[in-house]
Amino acid sequence: MTDAEIEITADLVHDLLQEQHPDLAGLAIREVAGGWDNQQWRLGDELAVRMPRTARAPDLQRKERRWLPVLAPRLPLPVPTPVRTGEPSARFPKPWTIMTWVPGEPLDQSSISRGDHAAATLAGFLKALHVEAPEDAPISEDRGDHPKKCTDGFDHFLDAAVPDDLADEVRAVWDDAVAAPEWQGPPVWVHGDLHPANVVVSDGTLSGVIDFGDVFAGDPAWDLAAAWVVLPAGAASRFFDAYGRADEATIRRARGLAALKSLFLMLMGQSGDRGLPGGKPTWGPAGRAALDRVLRSGSR
């Protein structure tokens, strides 16, 4: 059975709950818009069901089930934590997970109005997350290394997404990141996928971080790119002051990675505007705003 042949519906989710977790089957089920590797369904007021819909999604869910219980207790913002496991069955041949629900609106559908508060909040979250990872922590195949190892991806995104009048400026930011020294510390825990669809906002500020499927041990610059990708204009300096651990080389790498992530968001937005599979219309404006922040900020 291929992914395209599996139609994930509310009735299917209910039936799976009835079979494997009948005490939860009476809760209301509502589909949640968005998602990439997983399709998510709200379960009552406090839970969510994550249903894998790509080939790599089951492994990402296994990673979350293994490591979120380790990470969550020390993090100062709400994050989803696994509470039940769904086993593969005749009805659905992949594992699935019931997680806690993190309240708030995804940033790609909302905005931050309290920039200083959000900067301090994100800095506190990443200071708590960015501790030395254990030897058995996961390593990412496509992120976590120095930006110079991502040049092919950057070139593709630049050609596909950037207006010609900005190409030289964006290239200069990337070249500076590629020229920056490598991370000299031990591999630390990194969320790995901080962008507007993976943080939630309440009362004008950050209130939670979601989707830890890409969590890995590596260079913290991959998360510090959020200073431009997530935070509003003018908040990067406040963020780095509060974070307090990023040297000049790390900030240079982070800014280049912010440019890379911005281009990816813009490209996914273009796909969404064209109605292409996997496209995300709300990501385009978020990516362009992030790129503008990168270009206006200098090194900070």
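Let me start with His 195, which sits in the loop between strand β7 (188–190) and strand β8. Strands here are DSSP runs of E with at least two residues, helices are runs of H or I with at least four, and both are numbered from the N terminus. His 195 is buried, with a relative accessible area of 7%. Buried means under 20% relative accessible area, exposed means over 50%, and partly exposed is in between, using a 1.4 Å probe and protein chains only. Setting aside neighbours within four places in sequence, His 195 is in contact with Val 229, Val 230, Leu 265 and Trp 283. Contact means heavy atoms within 4.5 Å.

A word on the source. This is a predicted model, in which local features need pLDDT of at least 70 and side-chain atom pairs count only at pLDDT 80 or more, while totals for chains, interfaces and linings use all residues. Residues are numbered from 1 along each chain as its sequence is written, and side-chain values use heavy atoms, with hydrogens and water left out.

Next, the nonpolar cores. A nonpolar core is a set of buried Ala, Val, Leu, Ile, Met, Phe, Trp, Tyr and Cys residues joined through side-chain atoms within 4.5 Å. Which members of the largest core touch the most other members? They are Phe 125, Leu 126, Val 170, Trp 228, Phe 239 and Leu 263, out of 73 residues. Helix α9 gives this core its largest share, eleven residues. Another core, of 16 residues, lies apart from it and includes Ile 6, Ile 8, Leu 47 and Met 51.

Leaving out neighbours within four places in sequence, Leu 263 is in contact with Phe 154, Phe 157, Leu 158, Ala 161, Val 162, Val 170 and Leu 291.

Now helix packing. Two packed helices are described by the angle between their axes and the distance between the axes. Axes are lines fitted to C-alpha atoms, for helices over the stretch in contact, and angles run from 0 to 180 degrees between N-to-C directions.

At what angle do α5 and α9 cross? The axes of α5 (residues 167–179) and α9 (residues 248–273) cross at roughly 135° and come within 7 Å. The two helices are therefore oblique to each other; under 35 degrees counts as roughly parallel, over 145 as roughly antiparallel, 65 to 115 as roughly perpendicular, and the rest as oblique. On the α5 side, the contact includes Val 170, Val 173 and Trp 174, and on the α9 side it includes Leu 257, Leu 260 and Leu 263. The contact residues divide into nine nonpolar, one polar and four charged. Ala, Val, Leu, Ile, Met, Phe, Trp, Tyr, Cys and Pro count as nonpolar, Asp, Glu, Lys and Arg as charged, and the others, Gly among them, as polar.

The second pair is α3 (residues 115–129) and α8 (residues 236–243), packed at about 35° with axes 8 Å apart. Residues of α3 including Leu 122 and Leu 126 meet residues of α8, among them Phe 239 and Tyr 243. This contact has eight nonpolar, no polar and three charged residues.

Last, two loop residues. Asp 203, between β8 (199–202) and β9 (205–209), has a phi near 55°, a positive value in a residue other than glycine. Asp 203 is exposed, at 68% relative accessible area. Asp 211 also has a positive phi, about 60°, without being a glycine. Asp 211 lies in the loop between β9 and β10 (216–218) and is partly exposed, at 23%.
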